[in-house]
Amino acid sequence: RDVIVPTDPGVSFARGVVLPKPTVLDAFPGEPRLENDAPDVFELGEKLVLWTATDTQGNVSTAQQKVT
């Protein structure tokens, strides 16, 4: 799910952004590991965040999330 994040007051960036996690479904037991490449600071504009899910068998799937 794409998200819109307001900037911090008085500056053109946002810190401490908590992104909603993607829904991950898997046929194998166990919770898949989720990682993303989101920066600590989101500058003004659009950023694509890459999410990577790895299941207990080592299978990998990715998805992008647009943050503006």
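Start by selecting aspartate 55 and everything it touches: setting aside neighbours within four places in sequence, aspartate 55 is in contact with Asp26, Phe28 and Pro32. Contact here means heavy atoms within 4.5 Å. The coordinates are a predicted model, where local features need pLDDT of at least 70 and side-chain atom pairs count only at pLDDT 80 or more, while totals for chains, interfaces and linings use all residues. Residues are numbered from 1 along each chain as its sequence is written, and side-chain values use heavy atoms, with hydrogens and water left out.

**Still on aspartate 55**

Aspartate 55 sits in the loop between E4 and E5. Helices (H or I, at least four residues) and strands (E, at least two) are DSSP runs, numbered from the N terminus. Is aspartate 55 buried or exposed? Aspartate 55 is buried, yet has no salt bridge. For accessibility, buried means under 20% relative accessible area, exposed over 50%, and partly exposed in between, with a 1.4 Å probe and protein chains only. A salt bridge is a side-chain nitrogen of Lys or Arg within 4 Å of a carboxyl oxygen of Asp or Glu. The nearest side chain of opposite charge is arginine 33, and that one is 9.2 Å away. On charges, Lys and Arg count as positive and Asp and Glu as negative; His and the chain ends are not counted.

What does the side chain of aspartate 55 reach? Draw a distance to the backbone nitrogen of glutamine 57 and you get 2.9 Å. That falls under polar contacts: a pair of N or O atoms within 3.5 Å, where within protein one must be able to donate a hydrogen and the other to accept it, and residues adjacent in sequence count only if both atoms are side-chain atoms.

**Over to arginine 33**

Now select arginine 33 and glutamate 35. Their side chains meet in a salt bridge at 3.6 Å, N to O, and the structure holds one salt bridge. Arginine 33 counts as partly exposed because its relative accessibility is 48%. Glutamate 35 is partly exposed too, with a relative accessible area of 40%. Across the strands, arginine 33 stands opposite threonine 54 in E4.

**Zoom out to the sheet**

Switch to cartoon. Three strands form an open sheet in the order E2-E4-E5, with antiparallel pairing. The edge strands are E2 (33-36) and E5 (60-67), each pairing on one side only. Neighbouring strands of this sheet are turned by 20 degrees against each other on average, direction ignored; axes are lines fitted to C-alpha atoms, for helices over the stretch in contact, and angles run from 0 to 180 degrees between N-to-C directions.

How many bridges join E2 to E4? Four, and the two strands run antiparallel. Strand E4 (residues 47-54) is joined to E5 by eight bridges, also antiparallel. Two strands pair if DSSP finds at least two bridges between them. To walk along E4 against E5, pick these pairs:

- lysine 47 opposite valine 67
- leucine 48 opposite lysine 66
- valine 49 opposite glutamine 65

Glutamine 65 counts as buried because its relative accessible area is 3%. A polar contact of 2.9 Å joins its side chain to that of tryptophan 51. Not counting residues up to four places away in sequence, glutamine 65 touches several residues, including Arg1, Asp2, Val3, Leu19 and Pro20.

Next, alanine 63, also in strand E5. At 38% relative accessibility, alanine 63 counts as partly exposed. Leaving out neighbours within four places in sequence, alanine 63 is in contact with Val49, Leu50 and Trp51.

**Last stop: aspartate 37**

Aspartate 37 is in the loop between E2 and strand E3 (41-43). With 40% relative accessibility, aspartate 37 counts as partly exposed. What lies 2.7 Å from a polar atom of the side chain of aspartate 37? The backbone nitrogen of leucine 50 does. Beyond four places in sequence, aspartate 37 is in contact with Leu48, Val49 and Leu50. For a C-alpha check, aspartate 37 and leucine 48 are 9.0 Å apart in space and 11 residues apart in sequence.
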